[in-house]
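Open the model in your viewer and keep the selection tool ready. The stops below go chain by chain.

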Amino acid sequence: MTLVMVVALTATNPYYLGIVLLSVLLVAAMAPKTARGVTSFRALLIFGAIMFVISFTIGVINGNYGDHRLFTIPGADLPSWLGGLRLGGPVSAEGVVATLTRGMAILSVLLAFGVFNSAVSPHRVLRSTPAALFQAGLVVTIGLTLLPSSIEDVRRIREMRALRGGRGGLRDLPALVVPAVVGGLERSMRLAEAMEARGYGAAPAGPRLPRLGAMAAAPLLLLAASGWFYYESLRLPSAMLAAAGLAGFGWWIVSAARTHHTTTLTSEPFPMHDRLLAWASLVLALATVGATAWGWDGLKYNPFADLPWPRFELAASLIPLAAAWPALRFAFSPAPATAPVLLAPGLSEQ
Amino acid sequence: MIARLDRVTYRYPGADTDTLRNVVAEVEDGDFTLVAGPSAGGKSTLLRLFNGLIPQFHGGTLSGSLDVAGRDPSRTPAREMARIAGMVFQEPEAQSVAETVEDEIAFGMEQQGVARGAMRRNVDGLLAALGIEHLRLRTLTTLSGGERQRVAIAAVLALEPRLLLLDEPTSQLDPTGAESVLATIQRLHGKGDLAILVAEHRLERLLPVVTSVLGVEGGIVNAYAPTEAAARLAAVPPVCEIGRRLKLNPVPLTVEALKAALAGRPLSLALEPASASPGDELLRVDGVSVSYGDLPALRDASFSIREGEIIALVGPNGSGKTTLFRAIAGLISHASGAVRMRGAAAPAKVSERTTFAGLVPQDPAIALYHESVAEELGETLRNRRSKQTLADSLVAWNLSSLAVRHPGDLSVGQQQRVAIGAMLAHEPRVWMLDEPTRGADIRAKEWLAHRLKDHAAAGGAAIVATHDSESAARYATRVIALDQGTIRFDLPARQAFGSGAPMPTQAARILPGAILPEEVTL
Amino acid sequence: MAVSVRTRATSRVSLPSMGDVSLIVLNLLGLVAYLHPFISAGATKNDSRWFQHSTDAPLVFAAIAALCMVLVVAELTEGSLNSKSLAGLGMLAAMAAVLRTITLPAGANLYFLLVILGGYAFGWRLGFLLGALSFFLSAVVTGGIGPWLPFQMFASAWMGLSAGALRPVAVSLRIRGRAEVWLVVGFGIAWGLLFGAITNLWFWPFWVGGPDITYQPGIGVLEALRRYWNFYFLTSFGWDLARSICNAVLIAILGGPLLRAMVRFQRRFNWKLG
């Protein structure tokens with residue numbers, strides 16, 4: 001998951017992007033199907049394809065970097081008050097290649113998340129929320145709980161409007177929306193009462209110091225990133241700042257987990273080997289990011305440097321190929337309860 | 001003793017009057033107490049005093065002293081009170097947050113940090129105790145109302161409270177679901193020291209099995225023994241009413257007890273002269289069938305209804321009652337067969353059909369939207385271009401005194417009346433009501449029975465889907481029973497509710513030929 | 001003995017002292033991380049290698065923006081919500097999430113209406129959480145979790161937050177009745193456009209077109225803005241415009257009654273965040 005995202009968004013070499021894309025499709029084909037998953041994955045596939053075509057088209061009609069001119073389409077400039085954008089004109093081979101490459105990257109990310117979304121149930125995602133976000137998670141859980149009855153309410157109110165001789169259309173909209181919203185809010189107050197009676201709801205605030213630490217993480221990481229990317233001489237201090245920021249954030253997550261002492265009925269939501277593999281892929285992803293940030297160009301390709309033929313190295317290709325491991329996992333145990341494997345390790349904590 | 005209230009008076013925030021006045025009540029360990037009384041009389045408020053929801057959640061002003069297991073619930077944190085007094089609410093959907101049954105039962109324990117092993121054992125024990133082991137891994141949203149309420153009881157008991165409070169736990173359920181929940185509660189009584197307080201309208205089921213009764217009306221609370229309650233409460237089950245009429249002492253709580261108390265004395269039947277025979281045909285349903293996908297919901301239903309008739313439509317949940325109504329109102333486009341209104345084919349549009357045959361679905365109050373009662377009724381009159389004046393309509397639905405009030409400020413019973421009024425303000429000739437008295441108290445049921453009879457006497461007709469044969473016996477002239485989409489029988493009310501019939505009333509089980517309590521005399 | 005208990009919501013202190021300041025700071029940091037493509041006017045030379053590394057920095061900055069989102073949400077919910085606020089917020093978020101999946105003609109969506117009116121009626125804090133959590137919820141339910149999510153959450157959260165800030169302005173200017181609805185309508189039009197502009201930002205750096213439109217590090221704020229405007233204009237302006245006009249129509253029709261109903265609810269249950 002994380003790996004796909006990292007590879008897709010850092011790699012620019014079409015070979016590796018192709019491998020990632022194929023890996024994702026393989027995993028999608030092997031993953032157990034749930035009714036909800038199939039529809040959402042199909043929707044995403046269609047959406048991704050449309051995006052690919054559109055961005056490719058737009059890229060081509062004004063993709064005019066580079067010297068290898070393929071052909072010219074008659075074009076026009078938009079008026080300058082609209083930004084002076086040029087449409088049409090010469091189409092370069094570099095532009096086409098670059099657009100294709102990026103399109104593949106975005107498509108891979110979309111599809112990888114599609115597989116993830118279709119394999120993991122909402123309640124599962126929420127159970128994996130770190131304790132630091134306990135309250136926010138609770139809000140979302142409550143939302144999920146109240147959803148079905150609210151949808152049913154809307155259907156029934158609509159029917160009752162028709163039975164009362166309501167004319168329908170836009171003017172009838174308030175009569176549909178207002179009772180649905182008010183009724184939903186009132187139902188939520190009844191749920192609040194039940195929650196209170198069962199003794200949960202408000203949790204006490206966590207300790208203050210770790211919270212401060214977490215908040216310090218944001219400016220530290222921001223500074224670190226700016227330093228790293230824009231001032232080559234400041235790389236070492238930037239790395240230290242980043243480490244400090246991440247430490248603060250981690251401290252907060254851990255200490256919050258200690259304060260909100262809860263237990264769970266079911267043991268580990270994900271089996272051990274899945275967790276190991278997930279961690280391994282995270283490490284690989286981080287290593288890739290790190291290496292790239294240090295200037296490793298193994299996954300890179302630049303069509304604008306005189307349109308060279310992209311290099312292919314077996315060693316580098318193993319990284320994107322690793323994204324396909326969940327497919328193997330599915331192949332060996334055909335029917336796991338739900339497919340947890342693509343999960344980013346951070347989510348499987350609690 | 002587990003709980004004691006002493007001279008407790010309570011007023012909701014912003015209210016003009018006290019909801020409870022000078023309440024004195026005691027609950028012993030192992031008590032099984034029925035909290036009885038009309039809607040909006042203070043039953044729910046009383047229960048909420050025991051676990052601190054009042055005043056901690058609702059606010060308001062409280063005086064007097066409270067003691068539950070040695071603590072003052074008005075000041076004890078909710079997290080702590082949950083381990084002393086657990087509460088189950090009316091609505092199955094608005095009291096759970098987890099996805100599956102076992103997670104729901106474990107949720108409270110998870111929040112309290114109970115160790116996993118203990119939690120497992122506890123969950124297993126509760127599933128067995130409540131007879132819901134087969135539901136363990138089910139998703140909550142796929143359960144029936146009765147099953148969900150039993151899960152809710154298990155979830156509350158998971159924290160091992162000493163007091164179990166149930167606020168009308170069956171008011172949203174059909175008879176089967178209600179019976180399963182009440183039987184579960186009855187089983188819980190007598191196991192250990194758990195004290196149970198249950199607010200209910202289904203007195204006939206509970207009065208014979210409880211150990212004591214708290215009568216709550218108009219903010220005043222009285223403690224009774226069960227037989228005393230049968231003699232003193234304003235609204236009692238038919239068998240108690242017959243016992244009271246026959247001046248039996250003590251008032252019997254079951255049909256068997258009443259027969260025993262009579263000791264062979266003969267009873268006689270006092271029937272009122274039969275009302276006028278039905279007039280012209282208003283509505284005819286001819287071979288109507290409906291299926292949802294492959295699932296048949298209604299098979300070849302045929303019947304007609306004439307002026308002056310009131311049909312009680314009975315049958316278990318899912319037998320096709322609602323589908324039949326929807327087909328008549330034109331809401332189901334793929335229904336086969338024919339609906340005829342006053343001899344002519346029914347129009348296609350829902351709004352035209354319901355001008356003649358108005359339909360009130362379940363819980364119509366959720367669609368109330370205007371900012372005053374008068375506007376609610378006025379809109380219907382305008383939409384239907386009705387000749388009825390707004391003032392007449394308000395009088396007909398007994399809403400004149402509430403005309404300028406916001407529907408959101410009214411009691412649940414009043415809201416229900418406003419909503420039914422809003423659906424039928426244009427006085428269609430045929431009324432179709434889908435479970436209009438679900439969760440209602442006896443007064444509301446009696447008012448509706450009168451309203452239906454007036455409508456029939458004025459040449460109208462009505463079809464009422466209901467599970468409640470006792471109150472249907474008061475207004476129905478005919479009974480149609482549906483079962484799995486098929487009409488099982490179509491009988492005059494006196495046969496359907498009489499002795500030896502498919503669904504006898506309590507009066508019929510005491511005296512053959514009678515169906516109402518006042519028809520039984522010495 | 002007489003005990004008088006004040007209603008729960010009023011007896012609570014809303015947030016710890018460091019709350020508001022840190023929230024503002026975190027939001028600003030999020031904004032900086034978020035708008036990084038515009039201010040990446042650093043030292044990277046505009047050479048032919050730009051294409052290779054142009055996506056590294058945006059990836060990292062997007063991750064930082066997501067972290068800011070997590071922190072703001074955690075800080076806003078930490079210890080300050082009672083069961084009423086939790087449930088009410090959950091309900092509103094659920095409704096907003098459902099509405100988001102229902103697209104009316106011309107891309108109009110009641111989602112915007114609910115977040116804007118929710119923020120307007122119940123305050124900026126709820127507005128922010130409603131915007132952020134409803135987007136999260138709808139992503140969880142419909143399967144829309146992905147790198148775009150933090151951007152959408154921020155856009156939507158800022159929409160709710162600014163709607164909450166609009167109410168005090170309306171009150172101090174004594175804008176009431178119809179005028180108040182029109183004010184919200186105008187606000188809705190503005191956000192219809194802004195929302196698209198913010199959410200499209202996530203994949204701009206990963207997208208390649210011509211020099212007038214493509215993201216390139218080190219081009220300076222003005223040039224970046226010009227290019228992004230081109231990008232936005234070409235990819236979504238027309239769509240967004242139609243959408244925001246339809247949204248405005250919806251607010252004009254529904255704003256009055258819904259706002260009155262929400263204020264009524266708030267009074268009846270003494271409901272507010274905190």
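Predicted model: local features only at pLDDT ≥ 70, side-chain atom pairs only at ≥ 80, totals over all residues.

Residues are numbered from 1 along each chain as its sequence is written, and chains are lettered from A and ligands numbered from 1 in the order in which they are written.

**Stop 1: the domains of chain B**

Select residues 3-226 of chain B for domain 1, then 281-503 for domain 2. These bounds come from an automatic or database domain assignment. The domain centres, taken over C-alpha atoms, are 34 Å apart. At the boundary, 10 residues of domain 1 are in contact with 11 residues of domain 2. Contact means that the C-beta atoms, placed from the backbone, lie within 7 Å. The domain 1 side has 3 nonpolar, 5 polar and 2 charged residues. Here Ala, Val, Leu, Ile, Met, Phe, Trp, Tyr, Cys and Pro count as nonpolar, Asp, Glu, Lys and Arg as charged, and the others, Gly among them, as polar.

**Stop 2: the sheet in chain B**

Now show the open sheet of 6 strands in chain B, ordered S5-S6-S7-S3-S8-S9 with mixed pairing. Its edge strands are S5 (85-88) and S9 (220-224), each pairing on one side only. Helices (H or I, at least four residues) and strands (E, at least two) are DSSP runs, numbered from the N terminus. Strands pair if DSSP finds at least two bridges between them.

Zoom in on S5(B) and S6(B) (163-167): they pair in the parallel sense over 4 bridges. Pick B:Val88; its bridge partner in S6(B) is B:Leu166. Axes are lines fitted to C-alpha atoms, for helices over the stretch in contact, and angles run from 0 to 180 degrees between N-to-C directions.

**Stop 3: helices in chain C**

Select H6(C) (110-122) and H10(C) (221-268). Their axes are 9 Å apart, at an angle of about 40°. The pair is therefore oblique. The contact residues comprise 14 nonpolar, 3 polar and no charged.

H9(C) packs on H10(C) at about 155°, with axes 8 Å apart. These two are therefore roughly antiparallel. Angles under 35 degrees count as roughly parallel, over 145 as roughly antiparallel, 65 to 115 as roughly perpendicular and the rest as oblique. This contact has 12 nonpolar, 8 polar and 2 charged residues.

Note on methods. Contact = placed C-beta atoms within 7 Å.
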